[in-house]
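Welcome! Have a look at the model below, and then let us walk through some of its local features together.

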Amino acid sequence: MKIAMIGTGYVGLVSGVCFSDFGHEVVCVDKNPEKVAQLNRGEVPIYEPGLDVLMAKNVAAGRLTFTEDLAPAVAGADAVFIAVGTPTRRGDGHADLTYVFAAAEEIAQSLDGFTVVVTKSTVPVGTNRKVYEIIAKTCEEGSFDVASNPEFLREGAAIDDFMRPDRVVVGVEAKPAQEVMGDIYRPLFLRDFPIVYTDLESAEMIKYAANAFLATKITFINEIAMLCERVGADIKAVSKGMGLDGRIGNKFLHAGPGYGGSCFPKDTKALARIGQDHAVPLEITEAVIAVNEDMKRRMVEKLRDLCDGSFNGKVVAVLGVTFKPNTDDMREAPSLTIVPALVGGGAEVRVVDPQGRREGEALLPGVTWEEDPYAAAKGADVLVLLTEWNEFRALDLTRMAGEMRGARMADLRNIYSRDDARSAGFEAYVCVGRPDATALQGEPGVAAAG
């Protein structure tokens, strides 16, 4: 199959590379000449484990190319995927479809022979119908069709998610278009991965409903964690007991400082607006959005308490600022709330993140970037574990405490325990949703905090 992928952002690039690995001929199109030049040099503009190797393999095989020129990429293609950004529209929470509709207009000018135009971007219900209308103004009926093919890729595990998906959702209504989509995903069908065919609106809704449900699960367990702190329960035990119920499952039940990233914040806001526009208020989704923002602020107060009520004059080492490990994505990360609060409160903040510096330097002004956690901790008053990179899961805590001026730890991902902190010499330790989420005051052999 010949495929044109419009957009080389996270979704477009990963999808284009993986389709080429299926054996399809893929041309990835982007209007940013610097990005196209970078890709043609073999450089990947995002951090996604394994993507550089897979991209190089398929470029070398002649199945994958990059260009700024949309027209020749679209001409003769069996399918053209729209994978452009749909950011939250400023002021009202709607998904901004400017780039989607602009791509549709440009695609319409270059279609040659029957082509399926596939929306890969996350779009509100009804968008694919509008894409059809836009293209129909230029092209004859029957010379094209549209399909909705939402992505379900987790940053940090995107290649495995694409190659071994829980399901592939395809919204399509005409048989010729379904046959094209079936041929594109034939390698997955032959390995018995589920391919779900629906109407256009259902495919669009599946994406939003799935992300909103996962965001709800995260937010629910974070609220339960706050209650656990007050009643003396351990959120890790509670999560395990819940997750063993097959109706619930154990994924997305890890308490922390709130969700972030490119999908959950944007998609929950868009879904809430869709509900409002159709007079069906989605009160659960709206509550999830509000609670998640409150959770980030709660983390700030947890840190303030650890600092005796004031950040002023404190030296704080922050480990991890991307919204999750194995990505360089800073979008809506909890660190964008927590770190500015530290800096604004008068703290000297040192940051360590394996991949976050490229975006973080612009987003987190006023901090010092360090390459080594122990260098960041030297002379610090507080250590904050904010993103659970593997590099931070096996720290020498005794060495870490010995390097610090005042050994206090805020473990906002529950990587360690009070016993770990106490035996390492920390004088205070707080975490999320566990009975040891308090300072180590009065512990034998450990100095009282503050």
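## Ground rules

A residue is called buried when its relative accessible area is under 20%, exposed when that area is over 50%, and partly exposed in between, using a 1.4 Å probe and protein chains only. This is a predicted model, in which local features need pLDDT of at least 70 and side-chain atom pairs count only at pLDDT 80 or more, while totals for chains, interfaces and linings use all residues. Residues are numbered from 1 along each chain as its sequence is written, and side-chain values use heavy atoms, with hydrogens and water left out.

Most residues other than glycine have a negative phi. Phe252 is not a glycine, yet its phi is positive, at about 65 degrees. You can find Phe252 in the loop between α11 (235-243) and α12; these labels are for DSSP runs numbered from the N terminus, with helices (H or I) of at least four residues and strands (E) of at least two. Phe252 counts as partly exposed because its relative accessibility is 27%.

Asn414 also has a positive phi, of about 55 degrees, although it is not a glycine. This residue is in the loop between β13 (408-411) and α18 (418-424). Is Asn414 buried or exposed? With a relative accessibility of 4%, Asn414 counts as buried.

## Rings that pair

How many aromatic pairs does a search of the whole structure find? There are eight aromatic pairs. To pair, rings of Phe, Tyr and Trp (its six-membered ring) need centres within 6.5 Å; planes under 30 degrees apart count as stacked, over 60 as edge-to-face and the rest as tilted. Phe22 and Phe162 make a tilted pair, 5.8 Å from centre to centre with 45 degrees between the planes. This pair links distant parts of the chain, 140 residues apart: Phe22 is in the loop between α1 (10-21) and β2 (25-29), and Phe162 is in helix α7 (residues 158-163). Both Phe22 and Phe162 are buried.

Tyr132 and Phe144 form a tilted pair too, with 4.7 Å between the centres and 35 degrees between the planes. Because Tyr132 lies in helix α6 (residues 127-136) and Phe144 in strand β6 (residues 144-148), this pair ties together parts that are twelve residues apart in sequence. Tyr132 is partly exposed, at 25% relative accessible area, whereas Phe144 counts as buried, at 3%. Ring pairs also link Phe19, Phe22, Phe81, Phe162 and Tyr185 into a cluster.

## Charges over rings

A charge sits over a ring if NZ of Lys or CZ of Arg is within 6 Å of the ring centre and within 35 degrees of the ring normal. Arg167 lies over the face of Phe152, at 3.8 Å from the ring centre. Likewise, Arg399 lies over the face of Tyr374, at 3.9 Å from the ring centre.

## The second largest pocket

On a 1 Å grid over the protein atoms alone, a cavity is a set of points where a 1.4 Å probe fits but cannot get out, and a pocket is an open set with protein on both sides within 12 Å along at least five of seven lines; lining residues have an atom within 4 Å of a point. Grid points are joined across faces, edges and corners, and a volume is the space filled by probe spheres set on the points. The second largest pocket holds about 1200 Å³ of space. Its lining has 49 residues, and Gly9, Val84, Gly85, Thr86 and Arg331 lie nearest the centre. The elements giving two or more residues to this lining are α1, α5 (98-108), α12 (264-277) and α15 (357-363).

Which kinds of residue make up the lining? There are 17 nonpolar, twelve polar and 20 charged residues. Here Ala, Val, Leu, Ile, Met, Phe, Trp, Tyr, Cys and Pro count as nonpolar, Asp, Glu, Lys and Arg as charged, and the others, Gly among them, as polar.

A disulfide is a pair of cysteine sulfur atoms within 2.5 Å, and the structure holds zero disulfides. For Cys28, which is in no disulfide, the nearest cysteine sulfur is that of Cys18, 11 Å away. Cys28 counts as buried, at 1% relative accessibility. Cys263 is in no disulfide either, and its nearest cysteine sulfur, again that of Cys18, is 16 Å away. Cys263 is buried, with a relative accessible area of 19%.
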